[in-house]
Amino acid sequence: MVSHEDVKDFIETQLSCWSDAKRNYDALASVRRRNIMLGDMCVGIQWNPGRISSTGADVAADKIKQRPCFLCSVNRPKEQITYPILDGWEMLVNPFPIFPVHLTIVSRSHVPQKHVPDDIVDIALKLPGMAVFFNGAAAGASAPDHMHLQAVLKDELPLIRLSETYHSSDNPGLMLSSQFGLKLPFGFISGVVQPDDSGMKTLIAGLHIGGLSSDGSLTDPALVNIFFWMDQMGMLRFIVIPRKAHRPSCYFAEGDKRRMVSPGCIDMAGIIIVPRQNDFMALTVAEIGSIYSDVALAQDILLM
Ligand SMILES: [Zn+2]
């Protein structure tokens, strides 16, 4: 188990010897944020200039091939330290943070972000109080060529709070967001299981839900955002968000209509990250609704 204290110590140690990362964490104190209500979901908009390279990442296969992989240990900055979280995985401090606790958990080998790894369960169980999440290769991952997860404090994410409120720990199993009885901008699947053998069966069913495939089934492992965490009651919980697109239409619009928003797990969990000030000022409730409906599925068409 990696306690909060261990995580805090790890981040402090890292920032004490890596001035570029320290500068980015210090800058978080002045990051601006405003909240809107989208139906029954509270959505925060965070203006975070440091995220420009991630939001604007060109993840076309040929572009990815041409650049050195920044998650491979040989290419990492010499200041970057690691925390051995699980066999085959290393935990790193994310040098371009969205929250004061923002970790990247990378596979030791350069293998593609093909499918959510089973190890996400063990990693989540090792990080109490934190949500561990996976961006499918076409659903927000800026390094689709190198398997990685991220972790932040679970209470930072509105969608996780919502799921804990409307899918009670004493009602284990899978639930569709439409069963929450709320007006939400997109559909997702919520899972609550005992971290034991019987729970794992339900879990496997949840892990095989993917994004919208060309045949209409929810099986595409690249078009999905997945979160795992352990709640206060010791239950293992997860959220699967099937996606239908990588980026919303406004990302490709011209001039004033363009919005530089490229949703990954954190945006889908209710914190929209915008690197540009004009987007931060201009984004309307309707535009945010369209961003979600462009990339995810409506609640009422999400059936299992
Ligand atoms: Zn790599």
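In soluble globular proteins, nonpolar side chains tend to be buried together.

The model is predicted, with local features needing pLDDT of at least 70 and side-chain atom pairs counting only at pLDDT 80 or more, while totals for chains, interfaces and linings use all residues. Residues are numbered from 1 along each chain as its sequence is written.

Leaving aside residues up to four places away in sequence, Ile105 touches Ile85, Trp89, Met91, Ile123, Val132, His148, Leu149, Gln150 and Ala151, a contact being two C-beta atoms, placed from the backbone, within 7 Å. Of the contacts in the protein chain between residues at least 6 apart in sequence, 67% join residues at least 24 apart, and buried residues make up 41% of the 304 residues.

The secondary structure comes to 10 helices and 14 strands, taken as DSSP runs of H or I of at least four residues and of E of at least two, numbered from the N terminus. An open sheet of three strands has the order E1-E2-E14, with mixed pairing, where two strands pair if DSSP finds at least two bridges between them. Because strand E1 (32-38) and strand E14 (271-274) stand at the edges with a single partner strand each, one side of each is left without a neighbour in the sheet. The twist averages 25° from one strand to the next, and the two pairings are as follows.

| Strands | Sense | Bridges | A residue pair |
|---|---|---|---|
| E1 and E2 (residues 41-47) | antiparallel | seven | Met37 and Cys42 |
| E2 and E14 | parallel | four | Ile45 and Ile272 |

Helix H10 (residues 285-295) packs on this sheet, touching E1, E2 and E14, and its direction makes about 80° with that of E1; axes are lines fitted to C-alpha atoms, for helices over the stretch in contact, and angles run from 0 to 180 degrees between N-to-C directions.

Methods
A residue is buried if 20 or more other C-beta atoms lie within 10 Å of its own, exposed if 12 or fewer, and partly exposed in between; C-beta atoms are placed from the backbone.
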